[in-house]
Amino acid sequence: MFLPIWKKLKYMLLILVLSKEASVLKAAQISSESDKDWINQAIRFWTFTDPSIQIIALGAILIGINCGLMGGYVVSRRLSMFGDTLSHAVLPGIAVGFMFSQSKNEAVLMIGATLSGFLGVGIISLLKRHTKMKEDSAMGLVLSGFYALGICLITYLQQSPNGGASGLESYLFGSLVGLSDRDLVPLCFCLSLIIICFILLNKELLLSGFDPSFARSVGLPVDILQFCIWILMAFCIVSSLQVIGVVLVSALLIIPAATAGLLTYRMSQILVYSGILGALSGIVGCFLSFMGERLPAGPVIVLCSTLLFLAVLFFSPARGILPSWFRTRRRGQRIRFENTLKACYQVLESRSFSSQSFPQTALAQRRGKSDAEIEKEIGVLIREGYATRQEFPTEQKSELPSETMVSLTPSGWEIASRMIRNHRLWELYLTKEASYAPDHVHDDAEKIEHIIGEKTVRQIERILDNPQRDPHGKPIPSQDDIDRGWLSPPLVADK
Amino acid sequence: MRVALPKPLEIHDLTVAYQQKPVLYGIDLEVEPGSLVGIIGPNGAGKSTLIKAIMGIMKSVDGYVKVFGDSSRKALTRVGYVPQRESVDWDFPVTAMDVVLMGRFGHIGWFKRISKRDRSFASECLEQMNMLPYANRQIGNLSGGQQQRVFLARALAQQSDLYLMDEPFEGVDAITEKAIVDLLKNLRNQGKTLMVVHHDLSTAKDYFDHLALLNLRLVAYGKTEDVFTHDLLQKTYGGKLTVLSEVGSRKLNEKQPTQEAL
Amino acid sequence: MLDFAEALLDPWSTREQVIWNLQIVFMGMMVSLSCGLVGCFVVVRRMALLGDAVSHGVLPGIVTAYLITDSLSIGPVWIGACLAGLGCGASIEWLRTKTPLREDAAMGLTFTSFFALGIVLLSLEAGATHLDPACFLYGEIGLTPLSPKLELWGLPSGNQALWNMGVVCLTTMISVIVFYRFLLVTSFDCSLARSLGMPVIWIQYGLMLLLALVVVASFESVGVILVLAMMILPPVSSAFLFHRLPSILMCCLPLSIFYSVAGLQLAYSMNFPISASMALAGIVIFLPCCLLGPNGGVLTNSKKLKTRKSSRDLSAN
């Protein structure tokens, strides 16, 4: 979002023009199809030729984008339950708006709903500031209290002469039926408002959400920014009410943004992904609700967004649960062959590096494993190209017909010596800098040697002043030793 | 034949993490009975975390804690815990007497009535901390020092053998501070063991007979006169073990690959 | 004035009306009492929003049990609700610990998804049932007297709905009395609870189970959303009057009677749903408590601050 100002203005203009285009679409009845053929219905939906379908699809997409974008800041500023409270608190406002306008005039209803929402928010703030009531109790009180008032007023209005056809109860769960092009206007207006605010106030919103005290100290009007977020939330909720309904609109403020949060850390990307996910939930939910006549749109759209969340949670390649599980398994395998290579080094060291190869049985002894297990481990090493194996006929006096000799390839040597270096260096660091006793350091080093990075190794070498030996007196391989690919006699003599 | 009594506190290789960062790394500690131990170290060193890990409030990633030779939950019945003042909900509808009586619940038994004896014992504990006149005051209506004294009275009422206190001297007036020191020394003389998180180096030397120097690692533990040296204090307060903290953090991440800070 | 008195007495004019409305009032009282008792601990443990989440989250359980057994008898419905409620709580906990999601997002995501699932299940089968989704939202306590009549040993003894609610109410009261100490200590100081050997997690689950039970028993009368009102209003109102938890708990009884009677009157005169009227009655009581209550009321606080300042000045001199 770090675009130059003129580019931002160009995009804003584009959005405003598009919103106007959308509002030109004519309203139409969703004709009752006696044709129950699923495929035909589906085709009818996805070709978007029917104007009524165009409207409901566009409505669902707009709601998805609005709530998704808004949700980016709702989730990151921990306003999720606040959104829920706000969405219940608007109910009396809708009823009062209807009473004033005696019809379903969108503007009046929206204004009434927004004011009602603000009244609720104001009451929560007052209760928190002037009484001992905790925030969650205040929110629960306003949520259920305003809701009760709203239910009362709506029931009262339903009994009044022109209230019966008000369809106010559809605001509870939402419905796509009867969506007209006039209903799209507040959605487009809300979208433009959200995009404009987010683009203009991008840095400010980010800072005030992340670190309010610092933001205040540099002069940012944190409370006003919070108020702006509340206003946008209220508009977003109110414009989406008709399709999603009071009870579930907060879900759309949370779920797409939460899903986006699983995919990335950067706020600009979260907003974009969240908008896309919201739109996707909207259109798919809309389609499913359209196909199943009895299904109200709100819950279906929410369930679609939940399914998307679960899909990303389990399958996202970067941080999904299943890919992580596979990565952990592979890491376990890597650790196993790294340990094998380390043992190879130790066997070679115990023989003072006199020869490049060593018997497989010596390795079995070192690792404390059976011959069969070692056979498998060596097999892995050979397969990865870290070691080679040869059969040598033994002396006459030996019982075995031949002995298997193993030797490391240069890449195998590199890993082996790196592990040993990491291990011994870490042991030295723990004893010298972290007050560990020398007999306590081995277990920790066993874990750390596999995950310590080259940068940290350099740091430790600097701190310890390029050490030569570990706490037990064993030599620490230097970078030269590792690069050389094999120990040459001068190295052996030094140690 | 003398059987060795289990030590009041035995910690081995304790590692505790908070949000994927190690706060305590491989702590080994053994405390003898009848010690008045001060736990000191810089901010964020893990002092409160150590106490909470002993109480089981924070889960350890590695290592174990044994209280009187027992690492199960049952062992905690011999431990009295005085929490940090900021972790208490002062608006909770209880009076000072209610709080002290709570300390007696372990002795009363879960479903038995509160007897007159318990009430009078609770009153005595309040009296010992000079809080009897405030017995029926709601705890939010007390001053900082008074609140601290109520919790100490509760600890007294528990009649524990091991006391863990988290910054009991924080934000109290001079009179309360003296009262607390006297109480601690009294309890120690009765053979109880006390572990006290303390933030003030200048008074640490006078208040405690043993000191544990903590900074992610246990830098030193022993008698105050042996441990309160310039070198060891330098090591404790000198700076964070950043490499240890980073590498330890990576080690913790390896265990739970899906948990990452947002 | 006469009109007002007339309006008050209107529901009680004929004998049939008295019997009818008494049942409703009694039902409302038991619902408020049960919700209020559980609510005291929900509020004091700062679980109000979790309570909101659980009361929404039980919906798929209730609906599934209803669809399977084709009745709203309390046994299977309670089991379904408990499973769903505990599932909701467990999901929130899992999301909070195993994913980057924070607590509020985990709560919001879970309970709305569960609720949406419940509504969808209900809508799919709505044609075959008499259940109206709106019924879950604000209940229909006015239909209490229509519940099947019971007869014990040949004597007429109320109806099924009242008995169900009565059992739940009694269970709640007994649980609160028997486990009072556990609930008190685990709500106030978990570390002391651990010190005393109390099984902290079991108590939390027990409370959530009780919550699920109360929600299930009440949803037919007041709907799942107003259950929250009935849970929160009594404790927050009486907290301004008393400073000890036992008194706050006991205050739930007179409050529940008031909510029920006043709610009925309001509903009759204004034609509001009875459940929502009960909540409105609750708010009507809450306001004076909040403003004038001796224990931290807004207006009494400012007076207390003045007297405390002046006494401090005196003692300083």
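Axes here are lines fitted to C-alpha atoms, for helices over the stretch in contact, and angles run from 0 to 180 degrees between N-to-C directions. The model is predicted: local features need pLDDT of at least 70, side-chain atom pairs count only at pLDDT 80 or more, and totals for chains, interfaces and linings use all residues. Residues are numbered from 1 along each chain as its sequence is written, while chains are lettered from A and ligands numbered from 1 in the order in which they are written.

**View 1. Helices α13(A) and α14(A) pack at an angle of about 130°.** Their axes lie 8 Å apart. Helix α13 spans residues 249-263 of chain A, and helix α14 spans residues 267-291 of chain A. Helices (H or I, at least four residues) and strands (E, at least two) are DSSP runs, numbered from the N terminus. The two helices are therefore oblique to each other. Angles under 35 degrees count as roughly parallel, over 145 as roughly antiparallel, 65 to 115 as roughly perpendicular and the rest as oblique.

**View 2. The crossing of α13(A) and α14(A) is right-handed.** A crossing is right-handed if the near helix is turned clockwise from the far one by less than a right angle, and left-handed if anticlockwise. From α13(A), the contact residues include A:Leu252, A:Pro256 and A:Leu263. Those of α14(A) include A:Ile270, A:Tyr273 and A:Leu277. Two residues are in contact if their C-beta atoms, placed from the backbone, lie within 7 Å. By class, this contact has eight nonpolar, five polar and no charged residues. Ala, Val, Leu, Ile, Met, Phe, Trp, Tyr, Cys and Pro count as nonpolar, Asp, Glu, Lys and Arg as charged, and the others, Gly among them, as polar.

**View 3. Chain C meets chain A through 47 residues of chain C and 48 residues of chain A.** On chain C, the elements giving two or more residues are α3 (48-57), α6 (103-125), α7 (133-138), α11 (200-239) and α13 (274-292). The largest share, 14 residues, comes from α6(C). This side of chain C has 34 nonpolar, nine polar and four charged residues.

**View 4. Chain C touches chain B with 20 residues, against 26 residues of chain B.** Helices α9 (180-188), α10 (190-195) and α12 (245-270) of chain C each give two or more residues to this side. α10(C) gives the most, with five residues. The chain C side divides into eleven nonpolar, five polar and four charged residues.

**View 5. Chain C has 14 helices and two strands.** Of its 317 residues, 53% are buried. A residue is buried if 20 or more other C-beta atoms lie within 10 Å of its own, exposed if 12 or fewer, and partly exposed in between, with C-beta atoms placed from the backbone.
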